[in-house]
Amino acid sequence: MDIISQLADSVQNGKIKLVKEQVEQALAQAISPAVILNDGMIAAMTVVGTKFKNNEIYVPEMLIAARAMGEGLKVLEPVLIASGVKPVGKAVIGTVKGDLHDIGKNLVRMMMQGAGIEMHDIGIDTPAADFLAKAQEVQADFVCLSALLTTTMAEMEAVIKEFQQAGVRKDFVFMIGGAPVTEDFAQKIGADFYAPDAVHAADVARDVLH
Ligand code: B1M
């Protein structure tokens, strides 16, 4: 098996140590960082996403694979930047004000990162103004909002209103999700997309950007 196939296999199986070593080996073999990213890691996360959708694997396995991808990316990132490989898009992600849940949000961040998107995670309990400031600072394509409580869902609308009031709502694509969130709710508050889970969130981002 060539090194890229080995790397893809290690990402899928969440073998963090092997992933880091194999990224280094691939670089030592002068394989382009874009090939390592696209054919090794992103391809592996696409397989992971498909298996999750087909109920062949569950959240823990997906989380383990996403973590391995994240660690591999840390090795690859400086080389990617130096070689001028651009991310396919940028996103700001956070859990809304009043809400401390971040496991699902982190998974969404990792799966979107796995789709080649530069992710800016602004954490939990995030006020609307912070989403606006970060989205403008990094010139994000997406603003991604997570909420796990019925009491904090309303904050999602407050974030969208913050962008409306600043006159920049149309400059960003809003995606929302979290256990109590629904498609109907997304439409009601004027979000662009709802994703039920991290795999769908990455799919939405890929569809919008390609
Ligand atoms: Co909390 N909690 N919690 N909690 N907690 C829930 C959410 C709850 C359903 C439990 C219950 O009562 N059955 C309930 C909410 C009830 C409601 O509002 N309807 C609840 C409550 C009430 C509370 C407190 C109020 C409890 C208290 O103090 N009395 C309190 C609130 C604190 C606060 O936020 N202000 C609280 C606190 C906590 C802990 C801190 C202890 C801990 C969070 C730790 C952490 O996140 N670091 C916690 C946990 C762990 C849970 C449960 C058990 C698990 C949540 C989780 O991580 N799921 C949860 C019950 C449950 O869901 N079974 C519960 C796994 C994760 C992978 O799934 O987060 O749904 P999830 O993310 C999914 C999708 O939702 C989606 O993709 C993810 C991955 O596929 N998704 C997105 C999420 N964000 C997305 C964004 C997108 C797209 C998709 O686009 C941008």
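Around the ligand sit 25 residues, with G98, L100, H101, D102 and S146 the closest; a residue belongs here if one of its heavy atoms lies within 4 Å of the molecule. The model is a predicted one, in which local features need pLDDT of at least 70 and side-chain atom pairs count only at pLDDT 80 or more, while totals for chains, interfaces and linings use all residues. Residues are numbered from 1 along each chain as its sequence is written, and side-chain values use heavy atoms, with hydrogens and water left out.

By residue type, the shell around the ligand splits into 15 nonpolar, seven polar and three charged. In this scheme Ala, Val, Leu, Ile, Met, Phe, Trp, Tyr, Cys and Pro are nonpolar, Asp, Glu, Lys and Arg are charged, and the others, Gly among them, are polar. With T150 the backbone takes part: one of its N or O atoms lies 2.9 Å from an oxygen atom of the ligand. The elements giving two or more residues to the shell are α5 (103-114), β3 (142-146) and β4. Of these, α5 gives the most, with four residues. Helices (H or I, at least four residues) and strands (E, at least two) are DSSP runs, numbered from the N terminus.

Now for the sheet. Five strands make up an open sheet in the order β2-β1-β3-β4-β5, with parallel pairing; two strands pair if DSSP finds at least two bridges between them. β2 and β5 are the edge strands, each with a single partner, so one side of each has no neighbour in the sheet. β3 and β4 are joined in the parallel sense over five bridges. Along this pairing, F142 has V173 of β4 as its bridge partner, and S146 stands opposite G177 in β4. Getting from β3 to β4, the chain passes through α7, and this β-α-β crossover is right-handed, meaning that, with the strands pointing away from the viewer, the path from the first strand over the helix to the second runs clockwise.

β4 itself is mostly covered, with five of its five residues buried; buried means under 20% relative accessible area, exposed over 50%, and partly exposed in between (1.4 Å probe, protein chains only). In a regular strand the side chains alternate between the two faces of the sheet. Both faces of β4 are covered, with V173, M175 and G177 buried on one side and F174 and I176 buried on the other.

Searching the whole structure turns up two aromatic pairs. Rings of Phe, Tyr and Trp (its six-membered ring) pair if their centres lie within 6.5 Å; planes under 30 degrees apart count as stacked, over 60 as edge-to-face and the rest as tilted. F163 and F172 form an edge-to-face pair, at 5.3 Å centre to centre and 85 degrees between the planes. F163 also pairs edge-to-face with F174, at 4.9 Å and 90 degrees. Since F163 lies in helix α7 (residues 154-165) and F174 in strand β4 (residues 173-177), this pair ties together parts that are 11 residues apart in sequence. F163, F172 and F174 form one aromatic cluster. F163 is buried at a relative accessible area of 0%, F174 is buried at 0% as well, and F172 is buried too.

T126 is placed in the loop between β2 (117-121) and α6 (128-138) and counts as buried at 2% relative accessibility. Its side chain reaches the backbone oxygen of I122 at 3.4 Å, and a polar atom of the T126 side chain lies 3.2 Å from the backbone oxygen of G123. Polar contacts are pairs of N or O atoms within 3.5 Å; within protein, one must be able to donate a hydrogen and the other to accept it, and residues adjacent in sequence count only if both atoms are side-chain atoms. A129, in helix α6, is partly exposed at 38% relative accessibility. A129 and E162 are 33 residues apart in sequence, yet 6.8 Å apart in space, C-alpha to C-alpha.
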